[in-house]
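Good morning, and thank you for the time at today's meeting. Please look at the chain on the screen while I walk through its parts.

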Amino acid sequence: MPLKHSSPDTISSSSSDSVRLLSRETLRISASLASPPDDLPPQPLPDSHFLHHSSLRLICCEEIDGRRWKYVAESDGSGKFKTNSSIRAISLESPQTPFDDLGSFLRSYVVPEGFPASVNDSYVPYMTFRALKHFFGGAMGVFTTQTLLNSVGASRNSSASAAVAINWILKDGAGRVGKMLFARQGKKFDYDLKQLRFAGDLLMELGAAVELATAAVPHLFLPLACAANVVKNVAAVTSTSTRTPIYKAFAKGENIGDVTAKGECVGNIADLMGTGFSILISKRNPSLVTTFGLLSCGYLLSSYQEVRSVVLHTLNCARFTVAVESFIKTGRVPSLQQGNIQEKIFTFPWVEDRPVMLGARFKDAFQDPGTYLAVKPFFDKERYMVTYSPTKGKVYALLKDQASSDDILKAAFHAHVLLHFMNQSKSGTSKSMEQLDPAFAPMEYELESRIAQSCEMVSTSYGIFKSSAAEQGWRMSEALLNPGRARLCHMNKEE
């Protein structure tokens, strides 16, 4: 598009070349923004024109749940990246509308991940009628609660009885809200089953403690009872969601229904016996705090031993870590019993403090383009790449868009191998250097050599690891490793 030149009065002849160039560029951008050509599509973001700036160079592209991102950094005149240049992420999609955000938020609560491909066609009608059933049941619960309170003589005054019933319903309603919110954890109930089961039992005892606290402050009954019910319903969701996979591990053949029924029967018998025991000792008026403390210790100790006794055949993050570390140190994959016993129970899935991040985002794994360019050639023939961040002390495994199930498993194995080499490097670092400069990271200079070593080891030992794991009875599935949804992708020149 032709541009009008500035008048001599505006820009004097004595101006420098840089000022003249800056003015000309400013006029060009202003004119293009004022009258965009009809044959060019609208840009997705206001700052997308920076991609065409000569000082920015494309590093790579990434896709997350159908949305694509470009990562760029400043380059010098020769086309190379500037030293210590920061990485910028630019979205190639139009911003989502509030309705799209609301729809995504609701879907994260009411449908499984990957819906509708992750379930069969009967899921929608089943859940529709299930929702209607619970709607009528919830409405009926208000009247049944009020009737029960009247029957036991809670109050002769009908209005007071209704108020008590409403408070009770509010308490239960708060618990249902907590149950709904925690249900968003979704697939965590599958791949961190033991950890969530024990965390749920901890929450159950916490809710019981809050309920006991209402005796000390009866005027705060409603808020404390609501909080306790929220916590206990969260624990109930955890118990219900993890029950079937545990019983499935015990069943041989098609008898999971029988195993589940007998397991619930044992639980109910033990619950009735515990209730009778508590009635007997309550007649002696024991100390409430002491009794609760002793019973809670017994409950939590039993819960811990309960989840430790379960032998699962699948490899989630915790058991995969145990298997790979044992293989690297001893050359053998642990048996099912050994791997399950060594699994850490006192870890919580929602805490992202793990040394290996599988399927990580590019912006988390790399802070400068130089590290990416140094690591990239090692993985040109793979559908993944791994790197190490000295500042965060974590290994990041990035997956490419064509990564298969075996590629994801191999990436996880490679990440643990690299972590092993980097831990060896850190243990060999002299303490004097760390004391002189805590920010000094020798691993940065050793990263390429460590990655080369890890690639050599993975190429020779990954197949052996898989066959050894299969011989021990382990079932390997990438779904239980909880890989992130980010994928590195190739982009067309038009994009």
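I shall begin with the chain as a whole, then take the sheets, the core, and a few helices and single residues.

Please keep in mind that this is a predicted model. The protein chain contains 16 helices and seven strands. It has 495 residues, of which 32% count as buried. If we take the contacts between residues at least 6 apart in sequence, 68% of them join residues at least 24 apart.

Let us turn to the sheets.

In what order do the four strands of the open sheet with antiparallel pairing lie? The order is S3-S2-S1-S7. At its edges are strand S3, residues 88-91, and strand S7, residues 486-489, each of which pairs on one side only. On average, neighbouring strands of this sheet are turned by 35° against each other, direction ignored.

Strand S2, residues 67-74, is joined to S3 by four bridges in the antiparallel sense, and here Tyr71 stands opposite Ala89 of S3. Between S1 and S2 there are eight bridges, again antiparallel; Cys61 has Lys70 in S2 as its bridge partner. S1 and S7 are antiparallel as well, with four bridges, and Glu62 stands opposite Leu488 in S7.

The connection between S1 and S2 deserves a moment. These strands form a hairpin with two residues between them, and Asp65 there takes a positive phi near 50°. Gly66 lies in the loop between strand S1, residues 56-64, and S2. Is Gly66 buried, partly exposed or exposed? Its relative accessibility is 47%, so Gly66 counts as partly exposed; the class of exposed residues begins over 50%. Gly66 also illustrates how the chain returns to a place in space: Gly66 and Arg487 are 421 residues apart in sequence, yet their C-alpha atoms are 9.9 Å apart.

The other sheet I wish to show is an open one of three strands, in the order S4-S6-S5, and its pairing is mixed. Its edge strands are S4, residues 356-358, and S5, residues 384-389, each pairing on one side only. S4 and strand S6, residues 394-399, pair in the parallel sense over three bridges, and Leu358 stands opposite Ala397 in S6.

Next, the interior. In soluble globular proteins, nonpolar side chains tend to be buried together. Which residues have the most contacts inside the largest nonpolar core? They are Phe362 and Phe413, in a core of 53 residues. Helix H14, residues 405-428, gives the most to this core, with eleven residues.

Leaving aside residues up to four places away in sequence, Phe362 touches Ile59, Cys60, Glu62, Tyr71, Ile87, Tyr372, Leu398 and Leu488. Tyr71 is the residue that stands opposite Ala89, while Glu62 and Leu488 stand opposite each other.

I come now to the helices. Helix H7, residues 221-250, has 30 residues and should span 44 Å at 1.5 Å a residue; its end C-alpha atoms are 42 Å apart, so the two values agree.

Helix H10, residues 317-330, reaches 20 Å from its first C-alpha to its last, close to the 20 Å expected for its 14 residues. How many of the 14 residues of H10 are buried? Ten are, and the helix is thus mostly covered. Among them are Arg319, Phe320, Val324 and Phe327. After H10 comes Gly331, with a positive phi near 80°.

Finally, consider Lys466, which is located in helix H16, residues 443-471. With a relative accessibility of 32%, Lys466 counts as partly exposed, because that value falls between the limits of 20% and 50%. Beyond residues up to four places away in sequence, Lys466 touches Asp406 and Met476. Lys466 and Val333 are 133 residues apart in sequence, and 9.2 Å apart in space from C-alpha to C-alpha.

That concludes the tour, and I welcome your questions.

Methods:
Residues are numbered from 1 along each chain as its sequence is written. This is a predicted model: local features need pLDDT of at least 70, side-chain atom pairs count only at pLDDT 80 or more; totals for chains, interfaces and linings use all residues. Side-chain values use heavy atoms; hydrogens and water are left out. Two strands pair if DSSP finds at least two bridges between them. Axes are lines fitted to C-alpha atoms, for helices over the stretch in contact, and angles run from 0 to 180 degrees between N-to-C directions. A nonpolar core is a set of buried Ala, Val, Leu, Ile, Met, Phe, Trp, Tyr and Cys residues joined through side-chain atoms within 4.5 Å. Buried means under 20% relative accessible area, exposed over 50%, partly exposed in between (1.4 Å probe, protein chains only). Contact means heavy atoms within 4.5 Å. The expected span of a helix is 1.5 Å times one less than its number of residues.
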